[in-house]
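Thank you all for coming; I would like to walk you slowly through one structure this morning. Please have the sequence and the model open while I talk, and follow the residue numbers along with me.

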Amino acid sequence: MAALKKYPDELRERAVRLYRESDPKPVIRQLARQLGVHHEALRNWIRQDEADRGQRDDRPTTRELGELRRLRRENAELKRANEILKAASAFFASELCAT
């Protein structure tokens, strides 16, 4: 289950757009204070937007993060299935040896 977001997506998009379209660039702390968000949250949103636009290569894009989450879930599910199959094969092997 996904964690609840502290800030709505609309606020995030608006804040990033405000920062991106401003010239000169505002101080992140001041803009965050004006919008009523934590300055580190705004800083992370801006960094993520820059990564999504290909302006940064030091962090994965939103699409890559989603793919990574999906693959991790799939991997965990496959590991669980593998453990079940191992237990079942051990059980049936012990049944064959008993007879």
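Predicted model: local features only at pLDDT ≥ 70, side-chain atom pairs only at ≥ 80, totals over all residues.

Let me begin with Ala15, whose place is in helix H1, where helices are DSSP runs of H or I of at least four residues, and strands are runs of E of at least two, numbered from the N terminus. Residues are numbered from 1 along each chain as its sequence is written, and side-chain values use heavy atoms, with hydrogens and water left out.

Back to Ala15, then: at 0% relative accessibility it counts as buried, a word that here means under 20% relative accessible area, with exposed meaning over 50% and partly exposed anything in between, using a 1.4 Å probe and protein chains only. Ala15 touches Leu31, Leu35, Leu42 and Trp45, if we do not count residues up to four places away in sequence, and contact means heavy atoms within 4.5 Å. By contrast, consider Leu96, which is 81 residues from Ala15 in sequence and 66 Å from it in space, C-alpha to C-alpha.

How do helices H1 and H3 pack against each other? Helix H1, residues 9-21, and helix H3, residues 39-52, pack at an angle of about 75°, with their axes 10 Å apart; the axes are lines fitted to C-alpha atoms, for helices over the stretch in contact, and angles run from 0 to 180 degrees between N-to-C directions. That makes H1 roughly perpendicular to H3, since angles of 65 to 115 degrees are given that name, those under 35 being roughly parallel, those over 145 roughly antiparallel and the rest oblique. On the H1 side the contact is made by Arg12, Ala15, Val16, Tyr19 and Arg20, and on the H3 side by Leu42, Trp45, Ile46, Gln48 and Asp49.

Which residues sit at the centre of the nonpolar packing, in the sense of having the most contacts inside the largest nonpolar core? That core has 14 residues, and those with the most contacts inside it are Tyr7, Val37, Leu42 and Trp45; a nonpolar core is a set of buried Ala, Val, Leu, Ile, Met, Phe, Trp, Tyr and Cys residues joined through side-chain atoms within 4.5 Å. Leu42 touches Ala15, Ile28, Leu31, Ala32 and Val37, again not counting residues up to four places away in sequence.

Ile28, one of those partners of Leu42, has its place in helix H2, residues 28-35, and is buried, with a relative accessible area of 14%. Leaving out residues up to four places away in sequence, Ile28 touches Tyr19, His39, Leu42, Arg43 and Ile46, and the C-alpha atoms of Ile28 and Arg43, 15 residues apart along the chain, are separated by 6.8 Å.

Gln48, in helix H3, is also buried, with a relative accessible area of 7%. Setting aside its neighbours within four places in sequence, Gln48 is in contact with Arg12, Arg59, Pro60, Thr61, Thr62 and Leu65.

Now to the charged pairs. The structure holds 9 salt bridges, each being a side-chain nitrogen of Lys or Arg within 4 Å of a carboxyl oxygen of Asp or Glu. In one of them the side chains of Asp49 and Arg20 meet at 3.2 Å, N to O; Asp49 lies in helix H3 and Arg20 in helix H1, so the pair ties together parts that are 29 residues apart in sequence. Asp49, at 18% relative accessibility, counts as buried, whereas Arg20 is partly exposed, with a relative accessible area of 33%.

Another salt bridge joins Arg70 and Glu74, the closest N and O atoms being 2.9 Å apart, and both residues lie in helix H4, residues 62-98, 4 residues apart, about one turn of the helix. Arg70, at 36% relative accessibility, counts as partly exposed, and Glu74 is partly exposed with a relative accessible area of 38%.

I will end with the backbone: the peptide bond from Asp23 to Pro24 is cis, with omega near 0°, and Pro24 is found in the loop between H1 and H2. For background, most peptide bonds are trans.
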